[in-house]
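Let us walk through this structure step by step.

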Amino acid sequence: MPLYVDHPVWPWRGRTWAHLISDCSYEELHAAARILEIPERAFDGDHYDIPGERWHEVVAFGARPVGSREIVRLLRQSGLRSPKHQRPGGLLS
């Protein structure tokens with residue numbers, strides 16, 4: 001179950017945010033989000049927006065820390081990258 005998370009460097013509303021992805025399937029990503037009790041509203045088309053204060057919890061769950069460029073590369077390589085204009089408008093949109 002390879003999950004990946006970048007570092008919480010994305011500012012929004014006084015907090016920093018990270019992105020949680022799967023390079024296998026959205027089903028795997030949604031299942032992990034349910035276990036971690038990440039709200040559905042945090043899903044932004046191809047990733048979940050994760051508040052910085054939960055980053056260590058997500059890593060302890062098993063997500064591999066990677067850089068932001070690696071997040072994009074993994075999504076594109078897996079075919080799971082959703083163009084921004086097609087995303088339904090997640091937490092950070």
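Start with H47, which sits in the loop between α1 and β4. Helices (H or I, at least four residues) and strands (E, at least two) are DSSP runs, numbered from the N terminus. The model is predicted: local features need pLDDT of at least 70, side-chain atom pairs count only at pLDDT 80 or more, and totals for chains, interfaces and linings use all residues. Residues are numbered from 1 along each chain as its sequence is written, and side-chain values use heavy atoms, with hydrogens and water left out.

Is H47 buried or exposed? H47 has a relative accessible area of 6%, so it is buried. Buried means under 20% relative accessible area, exposed over 50%, and partly exposed in between (1.4 Å probe, protein chains only). The side chain of H47 makes a polar contact with the side chain of D46, at 2.8 Å. The H47 side chain also makes a polar contact with that of D49, at 3.0 Å. A polar contact is a pair of N or O atoms within 3.5 Å; within protein, one must be able to donate a hydrogen and the other to accept it, and residues adjacent in sequence count only if both atoms are side-chain atoms.

Now turn to the rings. A search of the whole structure finds 3 aromatic pairs. Rings of Phe, Tyr and Trp (its six-membered ring) pair if their centres lie within 6.5 Å; planes under 30 degrees apart count as stacked, over 60 as edge-to-face and the rest as tilted. The ring centres of Y26 and F43 are 6.2 Å apart and the planes stand at 85°, so this pair is edge-to-face. The pair links distant parts of the chain: Y26 lies in helix α1 (residues 26–35) and F43 in the loop between α1 and β4 (48–51), 17 residues apart. Y26 is partly exposed, because its relative accessible area is 25%. F43, at 17%, is buried. The rings of F43 and Y48 have centres 5.1 Å apart and planes at 55°, so they form a tilted pair. Ring pairs link Y26, F43 and Y48 into a cluster.

The last stop is helix α3 (residues 68–78). Its buried residues are I71, L74 and L75. They cover an arc of only 95° around the axis, which puts them on the same side of α3. That arc is taken from the directions from the helix axis to the C-beta atoms. What covers these buried residues includes β1 (3–5) and β3 (15–22); contact here means heavy atoms within 4.5 Å. The face of α3 turned away from its buried side carries the exposed residues R69, R76 and Q77. Just after α3, G79 takes a positive phi of about 80°.
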